[in-house]
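Biologist: I would like to learn how to read a protein model, one feature at a time. Could we go through one together?

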Amino acid sequence: MTAPTVTHLLYLHGFRSSPRSTKARQVAERVARDHPAVNWWCPQLPPSPRDAMEMVMAGIAAWPRERMGVIGSSLGGFYATCVAEETGSPAVLLNPAIDPARDLVKYIGEQAAWHDPEQRFVVEPHFMDELRALAKGPVRDPRRYFAVIAEGDEVLDWREMTGRYPGARIKLLEGSDHALSDFDDHIDEVLGFLRLA
């Protein structure tokens with residue numbers, strides 16, 4: 001039995017990023033062009049992980065669980081795993097953060113938004129506790145996951161990323177980078193995995 005097609009697609013951006021990220025815009029354009037029936041949502045996530053997840057879960061509360069999918073990049077990949085484990089939806093992870101509570105400690109304090117350096121936000125120490133509270137154990141059904149992971153990621157360790165999702169479909173890229181600058185080469189596979197309506 002094949003899974004139903006996805007009619008509702010959530011995209012979760014990474015730390016300091018926004019819906020204006022290159023990958024988010026690429027997916028938005030492709031969905032609008034090739035899958036106009038799909039309900040697309042890429043929210044600007046608040047800095048607090050708890051607030052971010054509460055906003056996301058409230059935003060998808062009325063979505064049909066069996067017809068939704070999620071894409072997450074970096075910290076958004078960590079959040080996407082939380083969403084997928086809660087909803088049972090398929091998830092695509094793009095260089096997903098594995099232990100953000102450990103990795104983001106060095107960013108505590110004021111930060112500039114990547115796409116608008118004028119926009120500032122503060123990373124509070126208690127955000128690390130919020131991230132730890134969101135962390136999930138092993139994924140329940142690895143077949144629902146597809147991870148695109150770059151060996152050339154300069155921010156996250158590709159070995160840790162692949163080790164987090166045993167049994168999942170993994171596309172390991174030689175080279176590339178954290179931003180997946182070559183994402184255009186992989187977008188067909190990403191959208192194909194999700195079986196968009």
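Biologist: Is W63 buried or exposed?

Modeller: This is a predicted model, and the values we discuss are computed from it. Buried means under 20% relative accessible area. W63 has a relative accessible area of 10%, so W63 is buried. W41, with 25%, is partly exposed.

Biologist: How do I describe a pair of aromatic rings?

Modeller: A pair of aromatic rings is described by the distance of the centres and the angle of the planes. The structure holds 7 aromatic pairs. In one of them, the ring centres of W41 and W63 are 6.4 Å apart and the planes stand at 70 degrees. Planes over 60 degrees apart count as edge-to-face, so the W41 and W63 pair is edge-to-face.

Biologist: Which parts of the chain does the pair of W41 and W63 tie together?

Modeller: W41 belongs to strand β2 (residues 39–41), while W63 sits in the loop between α2 (49–59) and β3 (68–73). The pair therefore ties together parts that are 22 residues apart in sequence. Elsewhere, ring pairs join F15, Y107 and F121 into a cluster.

Biologist: Which residue lies over the face of F146?

Modeller: R169 does, at 4.4 Å from the ring centre. There is also R164, which lies over the face of Y165 at 5.2 Å from the ring centre.

Biologist: Now helices. What span should helix α1 have?

Modeller: Helix α1 covers residues 22–34, which is 13 residues. At 1.5 Å a residue α1 should span 18 Å, and its end C-alpha atoms are 18 Å apart, so the two values agree.

Biologist: Which residues of α1 are buried?

Modeller: They are K23, A24, Q26, V27, R30 and V31. Down the axis of α1, these buried residues fall within an arc of 165 degrees, so they line one face of the helix. The general idea behind such a pattern is that an α-helix has 3.6 residues a turn, so residues three or four places apart point the same way.

Biologist: Which exposed residues does the face of α1 turned away from its buried side carry?

Modeller: That face carries E29, A32 and R33. On the buried side, the cover includes β1 (8–12), β2, β3, β4 (91–94) and α7 (187–194).

Biologist: Which residues are buried in helix α5?

Modeller: In α5 (residues 126–134) they are F127, M128, E130, L131 and L134. Viewed down the axis of α5, they fall within an arc of 155 degrees, so they too line one face of their helix. Their cover includes α2, α3, α4 and β6 (120–123).

Biologist: What does H178 touch?

Modeller: Leaving out residues up to four places away in sequence, H178 touches S74, N95, D153, E154, V155 and L156. With D153, the side chain of H178 makes a polar contact through its own side chain, at 2.7 Å. H178 is placed in the loop between β8 (169–173) and α7, and is buried, with a relative accessible area of 16%.

Biologist: Where does D182 lie?

Modeller: D182 lies in the loop between β8 and α7. At 24% relative accessibility, D182 counts as partly exposed. A polar contact of 3.5 Å joins its side chain to that of H186. D182 also touches L173 and S176, not counting residues up to four places away in sequence.

Biologist: How do I compare distance along the chain with distance in space?

Modeller: Read the two numbers side by side. R159 and L172 are 13 residues apart in sequence, and their C-alpha atoms are 10.0 Å apart in space. D182 and R143 are 39 residues apart along the chain, and 25 Å separates their C-alpha atoms.

Biologist: Is R159 buried or exposed?

Modeller: R159 is found in helix α6 (residues 158–164). At 52% relative accessibility, R159 counts as exposed.

Terms used. Residues are numbered from 1 along each chain as its sequence is written. This is a predicted model: local features need pLDDT of at least 70, side-chain atom pairs count only at pLDDT 80 or more; totals for chains, interfaces and linings use all residues. Side-chain values use heavy atoms; hydrogens and water are left out. Rings of Phe, Tyr and Trp (its six-membered ring) pair if their centres lie within 6.5 Å; planes under 30 degrees apart count as stacked, over 60 as edge-to-face and the rest as tilted. Helices (H or I, at least four residues) and strands (E, at least two) are DSSP runs, numbered from the N terminus. Buried means under 20% relative accessible area, exposed over 50%, partly exposed in between (1.4 Å probe, protein chains only). A charge sits over a ring if NZ of Lys or CZ of Arg is within 6 Å of the ring centre and within 35 degrees of the ring normal. The expected span of a helix is 1.5 Å times one less than its number of residues. The arc is that of the directions from the helix axis to the C-beta atoms. Contact means heavy atoms within 4.5 Å. A polar contact is a pair of N or O atoms within 3.5 Å; within protein, one must be able to donate a hydrogen and the other to accept it, and residues adjacent in sequence count only if both atoms are side-chain atoms.
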